[in-house]
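Hi everyone, thanks for making time. I'd like to walk you through one model today, so please have a look at it while I talk.

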Amino acid sequence: MIRLSEARARAELREEVTAEDALDVVEIMQESIFQTAVSEMDGLVFASTAGMSQAKKIKKFVQVLQFAAERRGDATFTISDMAQLAQQHQIAVASFSDFVDVLNSNGYVLKKGMGVYQLTVS
């Protein structure tokens with residue numbers, strides 16, 4: 001982890017390693033572990049998202065949707081499908097409909113009809 005943090009600092013042409021470099025390395029390692037788990041396991045249990053930022057919840061939920069779409073062979077989800085996935089993977093948000101609206105406005109999902117969305121990222 002130390003060497004990766006140092007490499008991260010060198011990539012930005014700095015000699016001093018910052019806390020942000022270390023946090024970035026931790027995030028990269030977590031993502032790597034997640035990708036390995038997705039490719040090696042049939043199912044995946046996500047850690048709790050309590051205290052997680054909205055952006056990270058979106059990223060995590062999009063990964064859940066990608067995994068589910070790949071597994072089912074269909075990238076179309078109803079609101080209830082998505083709500084169930086969020087609950088199963090402990091992705092807690094204040095208002096799920098607002099959360100889906102953010103996903104839609106940021107282009108992660110496309111509204112196809114009343115309560116039906118299609119995942120647009122792969």
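Let's start with a pair of helices: H3 and H4 cross in a right-handed way. By right-handed I mean that the near helix is turned clockwise from the far one by less than a right angle, anticlockwise being left-handed. The contact between them involves Phe61, Val64, Leu65, Ala68 and Arg72 on H3, and Asp81, Met82, Leu85 and Ala86 on H4. Contact here means heavy atoms within 4.5 Å. Sorted by class, that contact has seven nonpolar residues, no polar ones and two charged ones. For the classes, Ala, Val, Leu, Ile, Met, Phe, Trp, Tyr, Cys and Pro count as nonpolar, Asp, Glu, Lys and Arg as charged, and the others, Gly among them, as polar.

Before I go on, a word on where this comes from: it is a predicted model, in which local features need pLDDT of at least 70, side-chain atom pairs count only at pLDDT 80 or more, and totals for chains, interfaces and linings use all residues. Residues are numbered from 1 along each chain as its sequence is written, and side-chain values use heavy atoms, with hydrogens and water left out.

Now the geometry of that pair. The axes of H3, residues 54-72, and H4, residues 79-88, come within 10 Å and cross at roughly 115°. The axes are lines fitted to C-alpha atoms, for helices over the stretch in contact, with angles from 0 to 180 degrees between N-to-C directions. H3 and H4 are therefore roughly perpendicular; the scheme is under 35 degrees for roughly parallel, over 145 for roughly antiparallel, 65 to 115 for roughly perpendicular, and oblique for the rest.

On H3 the contact uses Gln54, Lys57, Ile58, Phe61 and Val62, and on H5 it uses Phe96, Phe99, Val102 and Leu103. Its classes are seven nonpolar, one polar and one charged.

What does the largest nonpolar core look like? It has 19 residues, and those with the most contacts inside it are Phe61, Leu65, Phe77, Met82, Leu85, Phe96 and Leu103. Such a core is a set of buried Ala, Val, Leu, Ile, Met, Phe, Trp, Tyr and Cys residues joined through side-chain atoms within 4.5 Å. At least two residues each come from H3, H4, helix H5 (96-105) and strand E3 (116-119), and H3 gives the most, with seven. Take Leu65: beyond its neighbours within four places in sequence, Leu65 contacts Phe77, Met82, Leu85, Val109 and Leu119.

Over to helix H1, residues 2-11, where we find Ser5. Is Ser5 buried or exposed? Ser5 is buried, at 6% relative accessible area, where buried is under 20%, exposed over 50% and partly exposed in between, with a 1.4 Å probe and protein chains only. Outside four places in sequence, Ser5 contacts Val17, Asp21, Ala22 and Val25. Ala9, also found in H1, is buried at 1%.

Finally, the whole chain: five helices and three strands, in the order α-α-α-β-α-α-β-β. Helices (H or I, at least four residues) and strands (E, at least two) are DSSP runs, numbered from the N terminus. Of the 122 residues, 28% are buried.
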